[in-house]
Amino acid sequence: MLTIATGNKAVAAAVREIKPDVVAAYPITPQTEIVEQIAEYVTSGELDSRYIPVESEHSAMAACIGASVTGARSFTATSSHGLFYMHEMVNWAAGGRLPIVMANVNRALGPGWNVWAEHTDSLQERDTGWLQVYVSTVQEAYDATLMAFRIAEHHDVLLPVMINLDGFTLSHIMQSLETVDPGDFVPPINLPHAIDTASPRGYGTLTGPNDYFRFRWDMERSMRDSVAVIRETEDEFARRFGRRYGFTENYRCEDADVVVVSMGTLGKEAEVAVDQLRREGMKAGAMRLRWLRPFPDLDLSDRDVVVIDRDYSFGFGGVLAQSLKAKCGVDPFSVIAGLGGQEVTYDDIASFVRDRRIGEEHWFGVSD
Amino acid sequence: MYEIRIHSRGGQGGVTAARLLALAAFRDGKHATACPFYGAERRGAPVVSFVRIDDHPIRVYSQIRSPDLVVVLDSSVMETVDVLQGLKEDGTVLINATHGTDVGGYRTYSIDLTGIALRENLVVAGSPILNTPVLGALAKMGIVSVESVTSAISEMFSDERNVKAARAAFQELVI
């Protein structure tokens, strides 16, 4: 069905199609609309899930973990400070190999108190063992949520998946949305290590260095295996529903002399900047990184790279810029922009490209 | 791309008006996005929302700098906000007012949306609701079709008075 919806409502609609057994969540701006809408679906009977209105985000993730350990499909959503409050449990979900799906509406970190878009919140969780995908449209928020369950629950993965959407810029914008009947696209969940009273086992017991080390290596092996599962899932999604996604979305990159790399809605705005630069005769392209974990192999050789980070690691640099340096061997022009919802237009992005200073870092609006 | 900026006060329905307008444009077969600018808004504070309408998918997320049309749901915001900022030279203004107002030499349309809302008893928490009547005025201006306005309002509101108010505004606005 073709309709119009906000990013938040799109995530809720996808959750309705996938029918998790348990949704445990605590509202926080700008995520609130997701959990309100899901609660409404449950109340109206449109969604047959157990909705647990918990007293904190730590409890939200703990409830999802408890449900997931029994083999139940579980979902939650949060934002920034809520994500940090559940940080301990975020690690526990991944270490427990529980295929929980969470939507994180990217929001800045206080203080100063700020409810607008920034990626530092989810990037601070990048080493927890969760898969992370960043979306840029209402449709993509919906599609990625559908796919997240299939990827997380795949037996080659069994790791949780975090869908990230920009606070307000995407969570509250209205765009067209085509909802689908997923049919058997997401098969029933079958957790091989679910609690079974007929076969008692220890969960989260004290684990010595040797076994602990093997568990960690096993997580990394699954993270690497998830690359193929993501590809296969996105291919199957394209076959069934006609929309194709990948680890990156590349726009006019083939012959580009300079490529703008970014995540989320800035990646779409960058496409408009690229069109403008092309009209001026500059061979520019835009690459929007969708999957941050697992981090894909990117070919950015023999061209200039401009990276826009809507995040920062103090004393180190933009997380995306540093990741590209480490993984792709490029020396980018690193632009720090859009923190706390700072307005960044396509004109601004075009000027980053025109005035690029390879190897340097530039804080948009505050440094020269 | 046709870009619209809506000025109102928190609680008057400016954000919903933007969503309704995008939905109506979408029902017309266009691409549309509606995005409110969320500040530290509270009831009564000036708020802004944006609508973009185009024949192609819209990839711009940043705020509208030079709108084609400015809609003012509460003319008192003009005392503190420069509603004409960035308005294109050939741009248009639609104002909720009881009498014709000339604004900075721009093509300006005036309509008493508050009067229509009060007449239809569209009042929530003491404030007349302007978001559905304004859609009728926008249809009269040719921004969206009146059929799509009716269907968009019916999709979002079950109360028939909303459609009636939009129809009344459509009839009242003098083009």
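Which strands of chain A does helix 7 lie across? I opened my notebook with that one. The model is a predicted one, and I kept that in mind throughout.

**Entry 1: helix 7 and its strands**

I found that helix 7 of chain A, residues 138-153, lies across strand 5 (101-106), strand 6 and strand 7 of chain A. I then looked up the angle: helix 7 runs at about 170° to strand 7 of chain A.

Next I checked how two of these strands meet. Strand 6 (residues 131-134) and strand 7 (residues 161-166) of chain A pair in the parallel sense, and I noted 4 bridges for the pair. For one example I picked Q132(A), whose bridge partner in strand 7 of chain A is M162(A).

**Entry 2: the whole sheet**

In chain A, 7 strands form an open sheet with mixed pairing, and their order is 3-2-4-5-7-6-12. I marked strand 3 (50-53) and strand 12 (291-293) of chain A as the edge strands, since each pairs on one side only. From one strand to the next, the twist averages 20°.

**Entry 3: F247(A)**

Is F247(A) buried or partly exposed? I looked up the cut-off: a residue needs 20 or more other C-beta atoms within 10 Å to be called buried. F247(A) counts as partly exposed because it has 19 other C-beta atoms within 10 Å.

I placed F247(A) in the loop between helix 8 (209-241) and strand 9 (248-251) of chain A. Setting aside neighbours within four places in sequence, I listed its contacts as R290(A), W291(A) and P296(A). I also looked up R231(A), which is 16 residues from F247(A) along the chain; their C-alpha atoms are separated by 8.2 Å.

**Entry 4: helix 11**

Which residues of helix 11 of chain A are buried? In this helix, residues 346-354, I wrote down Y346(A), D348(A), I349(A), A350(A), F352(A) and V353(A).

**Entry 5: where chain B touches chain A**

My last stop was the meeting of the two chains. I found 15 residues of chain B in contact with 17 residues of chain A. On the chain B side, helix 1 (14-27) and strand 2 (31-37) each supply at least two residues. Strand 2 of chain B gives the most, with 5 residues. I sorted the residues on this side of chain B by kind and got 9 nonpolar, 4 polar and 2 charged.

How values were computed:
Residues numbered from 1 in each chain as written. Chains lettered and ligands numbered in written order. Predicted model: local features only at pLDDT ≥ 70, side-chain atom pairs only at ≥ 80, totals over all residues. Buried ≥ 20, exposed ≤ 12 C-beta atoms within 10 Å, placed from the backbone. Contact = placed C-beta atoms within 7 Å. Nonpolar A, V, L, I, M, F, W, Y, C, P; charged D, E, K, R; others polar. Pairing = 2+ DSSP bridges. Axes fitted to C-alpha atoms, helices over the stretch in contact; angles between N-to-C directions.
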